[in-house]
Amino acid sequence: MTNWVPDLTGSGPLYQRLADAIEADIDRGVIGAGAKLPPQRDLAYDIGATVGTVGRAYQLLRERGLVSGEVGRGTYVLGENIGVTKPEEADTSVEGTRYADAPKDKLRFDSTAAPDIGQGAIVADVLSRAAQDHPHEISSYTRDFPDRWYEAGARWLSRNAFRPAADTIVPTLGTHAAVMAAIAALTTPGDYVAFEHLTYSQISRSAGLIGRRTALVASDDEGLDPADFERVCAQKHPKMIFLMPTAQNPTLVTLSSARREAIARVAREYNVVLIEDDLYGHLTDDPTPLLAEFAPERTIIAGGLSKSVAAGLRGGWLSCPPAYRHRIRVAHKMMTGGMPFLLAEVNARLVLSGQASEIRERSIAEISARMAMVRESLTGFSFKSHDKVPFVWLTLPDPWLSGTFKNACLEHGVLIDDEDEFKAGRSERVFHGVRFGVSQPKRREDIAGGVGVIRRLLDEGRAGYDSFS
C-alpha cells in the first residue's frame, strides 16, 4: 500500500480510532482483500503515534476477523478466499470441553448448581404471590427497579465485615452476567483482562467474544501469585483481573489476608479494577476479610443464588464503587436485554424473607453429607475438598491424563470436567487434575455410585481403561 493515511477524526482511544478507520476503508474497498497493511513502525511514524498503539489497533482488527498476521511476514486483509473462516468451520474454542447437550443417561458430576432439597415448592409459592401482587409489572418491561431489589442484593452479598450499601448494588441475571456487565462497562475491545491459569474460564471465553484479551497470571498452592500479577501488570497493563479469592473454582484455594493485601497494593499501583467472585465463598464460613475490604475503591464483588438456593432463578447482584454503578447497569441491560421483573422480584422476596438463607443452610447440610461420602471413598488419593462446597479437585496419579480420565469416566456413565475446561487461555502448564461436583444427582445413592466409578478407575489405572470399547 502506498500513499494511504487513515482518517483518525472522532473520539476515543487512538488505537480504537485507528482500527475503526482501517475497518471502514476495508468496507469501502479502499483497502482490498489480500492487501498488506503498512508495517507498524512506518504507520506509527505517518500518524505520529507509538508502535505500541499501532500494534494494539492491528490486534483489535485480528480479533474482529478482518486481518491475519505473522511475525516477519506482515499483516494482511482477509477476504472471501484468503483465510476467512467459513460458518461450518467456525472456531469452537469458546465452548469449552463440556457437551452442549449432556447425554441424558449419565450421572451429572459436571455441575455444581444447588442440590434439590425441595426448594421448588417454596419458589412456587413465592412466584405465585409475586404474580398476583404485580400483574401490571409482569406484563411490561422493567424500567424502574424498586428499592427492595437493591436491599436484597446488599443483604445477600454481605459477609464477614463487608456490608455493601444499597446504592452500590446492581441486580443482575446471575453472577456470570454480573461479571460480564462489569467487563463490558469498564473495558474496551483490545483491553487485557487478567485471569489465573485455572479458573471459571467461561468468563475469559465470554470476554473474548466481546473483543477483550486474556492475560494469564501464575498461581501456586496458596493461590494467585502477587509478584507475577505485578509482572503482568507491568508488561500487559490489564484493566481488570477476575478472582475467586475464597474457595476458588476449581482448585478450592483460599487466599490469605497477606496475599489479598498484596494483590490490592499491586492493583492500586497499576490502576487495575478487581472483580471478586464470591459465589462459592458465600457457602463457606471462612473468616478471611474479603478482597473488597482491602481495596473498596476498585473492587467489584459479585454473587448470587445458583450454588446455594436455585440455579434456575438466575438471581445475582454485584456491588461496586458508586461511580461505576450506572455504567454497569446499562451494560447489563445491553448485554442481557434487561432484568425480567418476575425473576428479580422472586429473588428479592426469597432473600428479604429469610427463605433464601434457610434454603442455603439446608443445601449446605446436603452438600456436607455428600462430601463426607466422597472423602471416605477416595481415602488414599490426593484431592482437595471443602465440607460446604459442592465440588472436588482431584489430582490424578500417574499415568492418568486429565482428558483420558474424563473419557474413561464418561464410558462408565459419569460426566466430569477435565482441567482444560478451566483454562482461561492457552497455558503450557499441566495440572493432571479433574473436577467433579456432587450436588446435581438427586439421590445420595447416585453419589456413592458415581464416586465408586471414580475410585475403581483410580485403583485400576490406565490398564483398566480400554478407549476402543
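Trainee: How does the lining of the second largest pocket divide by class into nonpolar, polar and charged residues?
Mentor: By class, that lining has twelve nonpolar, twelve polar and ten charged residues. Here Ala, Val, Leu, Ile, Met, Phe, Trp, Tyr, Cys and Pro count as nonpolar, Asp, Glu, Lys and Arg as charged, and the others, Gly among them, as polar. Keep in mind that this is a predicted model, where local features need pLDDT of at least 70 and side-chain atom pairs count only at pLDDT 80 or more, while totals for chains, interfaces and linings use all residues. Residues are numbered from 1 along each chain as its sequence is written, and side-chain values use heavy atoms, with hydrogens and water left out.

Trainee: What counts as a pocket or a cavity?
Mentor: On a 1 Å grid over the protein atoms alone, a cavity is a set of points where a 1.4 Å probe fits but cannot get out, and a pocket is an open set with protein on both sides within 12 Å along at least five of seven lines; lining residues have an atom within 4 Å of a point.

Trainee: And which residues lie nearest the centre of the second largest pocket?
Mentor: Arg98, Ser111, Tyr200, Gln202 and Lys307, out of 34 lining residues. The pocket has a volume of about 870 Å³, taken as the space filled by probe spheres set on the points, with grid points joined across faces, edges and corners.

Trainee: Which helix gives the most to that lining?
Mentor: H8, with four residues. Helices (H or I, at least four residues) and strands (E, at least two) are DSSP runs, numbered from the N terminus.

Trainee: OK, cavities now. How many are there of 30 Å³ or more?
Mentor: Three. The largest cavity has a volume of about 50 Å³, and its lining includes Glu196, Leu243 and Pro245. That lining divides into six nonpolar, two polar and one charged.

Trainee: Let's switch to strands. Is S5 buried or exposed?
Mentor: Five of its five residues are buried, so S5 is largely enclosed by the rest of the structure. Buried means under 20% relative accessible area, exposed over 50%, and partly exposed in between (1.4 Å probe, protein chains only). Tyr192, Ala194 and Glu196 are covered on one side of S5, and Val193 and Phe195 on the other.

Trainee: Which strands does S5 pair with?
Mentor: S5 pairs in the parallel sense with S6 (residues 213–217) over five bridges, and with S9 over two bridges, also parallel. Two strands pair if DSSP finds at least two bridges between them. Alanine 194 stands opposite alanine 215 in S6, and valine 193 stands opposite methionine 240 in S9.

Trainee: What about S10?
Mentor: Five of the five residues of S10 (residues 273–277) are buried, so this strand too is largely enclosed by the rest of the structure. S10 pairs in the parallel sense with S9 (residues 240–243) over four bridges, and with S11 (residues 299–304) over four bridges, again parallel. Isoleucine 275 in S10 is the bridge partner of phenylalanine 242, while aspartate 277 has alanine 302 in S11 as its bridge partner.
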